[in-house]
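I opened the file to go through the fold and then the chain contacts. My entries follow in the order of looking.

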Amino acid sequence: MKNPFEQLDKVLEHRVRLQIMSVLAANDGFEFNALKELLNVTDGNLASNIKALEKEKYLVVSKSFVDRKPNTKYKITDRGRTAFKKHIDALEGVIKQQK
Amino acid sequence: MKDVSEYEKDLASIRSMMDRSAKFISLSGLSGILAGVYALGGATAAYFLIQYPRSPFSYRTQTISEPVTLIQLILIACVVLGASVSTGLWLTQRKTLKENTKLWTPASKLLMQKIAIPLATGGLFVLIMLYTGHFGLAAPACLIFYGLALIHGSSNTLDEIRYLGFSEIILGLICSLYPGYGLVFWAVGFGVLHIIYGAILYNKYDS
């Protein structure tokens, strides 16, 4: 059997990033402010973690205007969903191995 | 390397985030109980309007021919609906304040949208039935469309709502076999079932 620790996604080992991916995996797009309230993190913290996920092409950003106010929405990509699934499997593998 | 308990926390936070972002779970059980009580009150008023002094469980043969009676019935239904919705919003908002969450989240908006579509369709359909004189199936249509609306919305809220939806549909289908007993089935579906499911939610989630 492969070592489950090697299967863990380095980018997703960060708790906030993992939570962002969880929300995006369960929803068809999520707004910045709603994400901030749900995760209870600061603007800067959320923005930097979103940037890291965007760099990996795990999510895409769509900007639009709602009532003339800028509205930023994030969506998970297929690549992101695959990585997220693989990471969860690895997490389960690690926990199983230790028990 | 992180400790194993950290990975367990990771998994737990994934589950919690997926649930909390997609599901609105601050529904108030008490508001369900009160909605049931309002519905029973409305059904009693309707009984005195159209069926008294005959037993509420007897087969009703007379039809509603007076337009005034029909308007009074619709008025009773609207009062019950208005009272239930406003009590529900008020008590649910109180619950979100206590839990330090919000009433308007992406999940609650999605829940409202998903419930609204079958509910508005059913409401218009029933009004058209009443307008065209098809009174016999109006009560079961209310129950069936309400049940469909609940099942449609249930993926965005507590699981119990799905079972309430199935109960309403089953009751509605039985009711459609007995058109003369519409009022009794209506009282059971909107009164008794709401009180039962409201009590279940109250016991499980309200503190």
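I began with burial: 29% of the 99 residues in chain A are buried. I note for the record that the model is a predicted one.

I looked up the secondary structure next. Chain A holds five helices and three strands, and from the N terminus its elements follow the order α-α-β-α-α-β-β-α. For the extent, I read a C-alpha trace of chain A that spans about 55 × 25 × 20 Å along its principal axes.

I then checked how the strands pair. Strand 2 (residues 59–66) of chain A runs antiparallel to strand 3 of chain A, with eight bridges between them. One of the bridges I looked at joins A:V66 to A:K69 in strand 3. The hairpin formed by strand 2 and strand 3 of chain A has two residues between the strands, and there A:D67 takes a positive phi near 55°.

Strand 3 (residues 69–76) of chain A also pairs with strand 1 (residues 30–31) of chain A, in the antiparallel sense and over two bridges. Here I found A:K73 of strand 3 as the bridge partner of A:E31.

I looked at contact range within chain A. Of the contacts between residues at least 6 apart in sequence, 58% join residues at least 24 apart.

Last, I turned to the interface. I found 14 residues of chain B in contact with 16 residues of chain A. On the chain B side, helix 1 (residues 4–22) gives the most, with twelve residues. By class, that side of chain B has eight nonpolar, three polar and three charged residues.

Terms used
Residues are numbered from 1 along each chain as its sequence is written. Chains are lettered from A and ligands numbered from 1 in the order in which they are written. This is a predicted model: local features need pLDDT of at least 70, side-chain atom pairs count only at pLDDT 80 or more; totals for chains, interfaces and linings use all residues. Helices (H or I, at least four residues) and strands (E, at least two) are DSSP runs, numbered from the N terminus. A residue is buried if 20 or more other C-beta atoms lie within 10 Å of its own, exposed if 12 or fewer, and partly exposed in between; C-beta atoms are placed from the backbone. Two residues are in contact if their C-beta atoms, placed from the backbone, lie within 7 Å. Ala, Val, Leu, Ile, Met, Phe, Trp, Tyr, Cys and Pro count as nonpolar, Asp, Glu, Lys and Arg as charged, and the others, Gly among them, as polar. Two strands pair if DSSP finds at least two bridges between them.
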